[in-house]
Amino acid sequence: MIFDSGTGIRPLGDWLLSENYRQADLLCSHAHLDHILGFPFFAPVYQDNFFLKVHCGNLLPEHTIREILSAQMSPPTFPITLNQLKANINFTDFQAGQEFVIGDNINVKTQALPHPDRATAYRLTFRGRSICYVTDTEHKINDMNLNLVEFIHDADLLIYDCTYNDENFPAHIGWGHSTWQEGVRLAQAANTKQLAIYHHDPSSKDSMLDDIQKQASKQWSGAFVAREGQSLKL
Ligand SMILES: [Zn+2]
Ligand SMILES: [Zn+2]
């Protein structure tokens, strides 16, 4: 299972092929550029023996994920079109809130998130363990998203939109993002076991992320700053 196709999907694609993986499910939170621009650089889509299922829950009824990825892969912005890809790719648009099953009986629950052009949260459950991927989303100050608390309840891992912090958030109301402090509050209210502080502000330097790590773990031992290439055992 892959969440979104930002720049990280490029090294992931090379790794999947080197490990001989032949199928994957790509679960899209939404189609903003930072979540889809890696797709044309995902090497498995150029392999005829690779099976990819792409799921997206925020585009209907105006658009489909196939249409959006196709627009991205069209000359003159990209020389290879979606129709020229060799992999067997299946595109599914659904309405956030629907529940379905992927892969080896992995249960997928979804929920709509407040974000410009909308976004979808995912909760994946397999053999009694749950991961929640919750980005991009904006919270309201002092008004916790109780639907989301219910959605992420008791999860083993919450991956949450922590673009801002409580200090600079008021200057970014309406931008569709949240803070690491709100992530901690949600994780604690919902009794989740760990919080991955994710969707870093692109202008954050490594030293700033180290600083967030220090502050967050002081506030709650379950919180950590997500890093490129990180692996976790649940
Ligand atoms: Zn977005
Ligand atoms: Zn984003």
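Author: Happy to! Let us start with strand 7, residues 119-126, which is mostly covered, with six of its eight residues buried. Please keep in mind that this is a predicted model.

Strand 7 has a partner on the way in and another on the way out. Strand 6 (residues 106-113) pairs with strand 7 in the antiparallel sense, over seven bridges. To find your place in that pairing, look for Lys109, which stands opposite Arg123 in strand 7. The hairpin of strand 6 and strand 7 has five residues between the strands, and Asp117 takes a positive phi there, near 70°.

Now for the other partner. Strand 7 also pairs with strand 8 (residues 129-134), again in the antiparallel sense, and here over five bridges. Thr125 stands opposite Ser130 in strand 8. Two residues lie between the strands in this hairpin, where Arg127 takes a positive phi near 45°.

The largest nonpolar core has 50 residues, and Cys132, Val134, Leu158 and Ile197 touch the most other members. At least three residues of this core come from each of domain 1 (1-95) and domain 2 (100-234). As a general point, nonpolar side chains in soluble globular proteins tend to be buried together.

How do the two domains sit relative to each other? Eleven residues from domain 1 and 15 residues from domain 2 make up the contact. On the side of domain 1 that touches domain 2, three residues are nonpolar, six are polar and two are charged.

In helix 1 (residues 9-18), Ile9, Gly13 and Leu16 are buried. These three are on the same side of helix 1, because they cover an arc of only 65° around the axis. Trp15 and Ser18, on the other side of helix 1, are exposed. The buried residues of helix 1 pack against strand 1 (2-3) and strand 2 (23-28). After helix 1 comes Asn20, with a positive phi near 65°.

One last stop is Ser204, in the loop between strand 10 (195-198) and helix 6 (206-219). Ser204 counts as partly exposed because it has 15 C-beta neighbours inside 10 Å.

Terms used. Residues are numbered from 1 along each chain as its sequence is written. Chains are lettered from A and ligands numbered from 1 in the order in which they are written. This is a predicted model: local features need pLDDT of at least 70, side-chain atom pairs count only at pLDDT 80 or more; totals for chains, interfaces and linings use all residues. A nonpolar core is a set of buried Ala, Val, Leu, Ile, Met, Phe, Trp, Tyr and Cys residues joined through C-beta atoms within 7 Å. A residue is buried if 20 or more other C-beta atoms lie within 10 Å of its own, exposed if 12 or fewer, and partly exposed in between; C-beta atoms are placed from the backbone. Domain bounds come from an automatic or database domain assignment. Helices (H or I, at least four residues) and strands (E, at least two) are DSSP runs, numbered from the N terminus. The arc is that of the directions from the helix axis to the C-beta atoms. Two residues are in contact if their C-beta atoms, placed from the backbone, lie within 7 Å. Ala, Val, Leu, Ile, Met, Phe, Trp, Tyr, Cys and Pro count as nonpolar, Asp, Glu, Lys and Arg as charged, and the others, Gly among them, as polar. Two strands pair if DSSP finds at least two bridges between them.
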